[in-house]
Each structure stands twice: as structure tokens, then as C-alpha cells.
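User: I have a model open and want to go through a few spots in it. Can we start with the aromatic side chains?

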Amino acid sequence: RAWDRVAPATQVRLSMAEMALESGAWQEAIQQAREVVASAGTGAAPAWSILGLALIEVGQTEEGLSILARAIELNPDQAVLLHQRRADHWLERKEYQRAISDFREVLSRSESAEARQRLAWALWQSRQLEESLGQYRQVLAGESTNRQARMAVATLLIELGRGSEAVAELEKLIEAEPNRPDLQAQLADLVVATEPERALKLYLTAIRLEPERVSHRIGLGSALVR
């Protein structure tokens, strides 16, 4: 392999760059990785990954992203990790379509519940609600106790106007976490028009758990009127 023919001193620099990246010494990682790339070129594929990631960390985003794209080409065995890191960067910048593209690439190469959940979030933020819902449900298919995903499913169903399905999801959440007033109140909001007596009990529970929240008392008043 090309890397086996690289000078030992260059291999030492790569090890130093890796240690600097792991310890958060970004400038040191950049310096060492640049020297490796300068001496070994594409034969030092790992150095491109280190350089791209470290440049992004210090705010040299455009150059870092350009180098990271090259690193993905040179490091097929690291593609999942590099796409994941780049997707996380896009999420931080709220560039959701780019994040979606990278998360899709991650999932095309390796199943990851975390990547799928983050893809679902990016889809939600870009208002692709039906697909977001489907991705969250896939997460739940593998992790039925994932409360964050179940809460997302319930909220998305509400946004999509599918109230009866949302009620079922919230009931599961309340069964698992009976002492969360926000869940009690959210379910009450959904059923107050059709089941005011049930909503009344839910709002009373929410008030008992969180007496300072005014919105629970407003909901209670609505239930009493109905």
C-alpha cells in the first residue's frame, strides 16, 4: 500500500496529529496534518480527515468542509464517521437539507438508531413531517422504550392533525412517565373537546404536579366550561 512506503517520520507526525485531534488541540492537529499531507499527499488518507475536522473546529469552515469531502473519497472505511461528523456540523448551522443528505448516506452504509433519530429531527425542522414521522417510528421499532422518539411521534401526529393517533402515543408516554405534567396537559388539550371529564382529571393531575404553571389552570377552566 502507498501508506506503507511513507517515511517513518511522516507516520510519527500522523500519530501526533491523531493525538492532538483526540485531545482537542486543534491548531496542533492542523499543523501536523498539513505537514503530513504536504509530504505524503493522498497517500496519507487519514491526515485529510484530521485536517478537515480540525479546521471546522477552529472556524475555518469552508476549507475544512472542502478537505473533509476529499477525505471521504480517500477514506471509504471512515465514510460513515465522516458523514456523521459533517451532518452534525450542518445541524449546528441549521442547514437541514445538507444534514439530511449526509444522514441518508450514513444510513445507506450502516444502521444507526442515533443517526436515524437525528435524520428524523432534521426532516422535522425542514417541515418534511410525514417522512420525519416514519423515521421516528423506525427508531421505535428497534427501541420501543425510546421516550424522546415517542414524544416526537406524538407531537408530529398533532401537527399533522391526526389527533386519535396522538392520543394513543401520549397514553403510552404517560403510562411510562406518570409524573410528567406536560404530558398530562398535552393529552388533556387533545381530548378536552370530546372528553371534557377526562380532560378535567388530566388537568387536575398536571396542576398537582406543577401548581405554578398558569396554562394548566386555564385548561382546567376550559374543561369545566365544557
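Analyst: This is a predicted model. Trp 121 is partly exposed, because its relative accessible area is 40%.

User: What does Trp 121 form an aromatic pair with?

Analyst: Its partner is Trp 124, and the pair is edge-to-face. The ring centres are 5.9 Å apart, with 70 degrees between the planes.

User: How far apart are Trp 121 and Trp 124 along the helix?

Analyst: They are 3 residues apart in helix α7 (residues 113-125), so about one helical turn separates them.

User: Is Trp 124 buried or exposed?

Analyst: Trp 124 counts as buried, because its relative accessibility is 11%. Trp 124 also forms an edge-to-face aromatic pair with Tyr 136, at 6.1 Å centre to centre and 90 degrees between the planes.

User: Where are Trp 124 and Tyr 136 in the chain?

Analyst: Trp 124 is in helix α7 and Tyr 136 is in helix α8 (residues 129-142). The two are 12 residues apart, and the pair links distant parts of the chain.

User: And Tyr 136, buried or exposed?

Analyst: Buried, because the relative accessible area of Tyr 136 is 4%.

User: How many aromatic pairs are there?

Analyst: The count is 2 aromatic pairs. Trp 121, Trp 124 and Tyr 136 form one aromatic cluster.

User: OK, helices next. At what angle do α2 and α3 pack?

Analyst: Helix α2 (residues 26-40) and α3 pack at about 145 degrees, and their axes are 8 Å apart. The crossing of α2 past α3 is left-handed.

User: Which residues make the contact?

Analyst: On α2 they are Trp 26, Ala 29, Ile 30, Ala 33, Arg 34, Val 36 and Val 37. On α3 they are Ala 47, Trp 48, Ile 50, Leu 51, Ala 54, Leu 55 and Glu 57.

User: How do the residues of that contact of α2 with α3 divide?

Analyst: There are 12 nonpolar residues, no polar ones and 2 charged ones.

User: What about α3 and α5, what angle and what distance between the axes?

Analyst: Helix α3 (residues 45-57) and helix α5 (residues 79-92) pack at about 15 degrees, with their axes 12 Å apart. An angle under 35 degrees counts as roughly parallel, so α3 is roughly parallel to α5. The crossing of α3 past α5 is left-handed.

User: Which residues are in the contact there?

Analyst: α3 contributes Ser 49, Leu 53, Ile 56 and Glu 57, and α5 contributes Leu 82, Arg 85 and His 89. By class, the contact of α3 with α5 has 3 nonpolar, 2 polar and 2 charged residues.

User: Lys 94, buried or exposed?

Analyst: Exposed, because its relative accessible area is 61%. Arg 127 is not a glycine either, and has a positive phi of about 70 degrees.

User: Where is Arg 127?

Analyst: Arg 127 is in the loop between α7 and α8.

User: Last one: Gln 148. Which helix is it in, and is it buried or exposed?

Analyst: Gln 148 lies in helix α9 (residues 147-159). Gln 148 counts as exposed, because its relative accessibility is 58%.

User: How far is Gln 148 from Gln 117 in space?

Analyst: The C-alpha atoms of Gln 148 and Gln 117 are 9.3 Å apart, while the two residues are 31 residues apart in sequence.

Notes:
Residues are numbered from 1 along each chain as its sequence is written. This is a predicted model: local features need pLDDT of at least 70, side-chain atom pairs count only at pLDDT 80 or more; totals for chains, interfaces and linings use all residues. Side-chain values use heavy atoms; hydrogens and water are left out. Axes are lines fitted to C-alpha atoms, for helices over the stretch in contact, and angles run from 0 to 180 degrees between N-to-C directions. Helices (H or I, at least four residues) and strands (E, at least two) are DSSP runs, numbered from the N terminus. Angles under 35 degrees count as roughly parallel, over 145 as roughly antiparallel, 65 to 115 as roughly perpendicular and the rest as oblique. A crossing is left-handed if the near helix is turned anticlockwise from the far one by less than a right angle, and right-handed if clockwise. Contact means heavy atoms within 4.5 Å. Ala, Val, Leu, Ile, Met, Phe, Trp, Tyr, Cys and Pro count as nonpolar, Asp, Glu, Lys and Arg as charged, and the others, Gly among them, as polar. Buried means under 20% relative accessible area, exposed over 50%, partly exposed in between (1.4 Å probe, protein chains only). Rings of Phe, Tyr and Trp (its six-membered ring) pair if their centres lie within 6.5 Å; planes under 30 degrees apart count as stacked, over 60 as edge-to-face and the rest as tilted.
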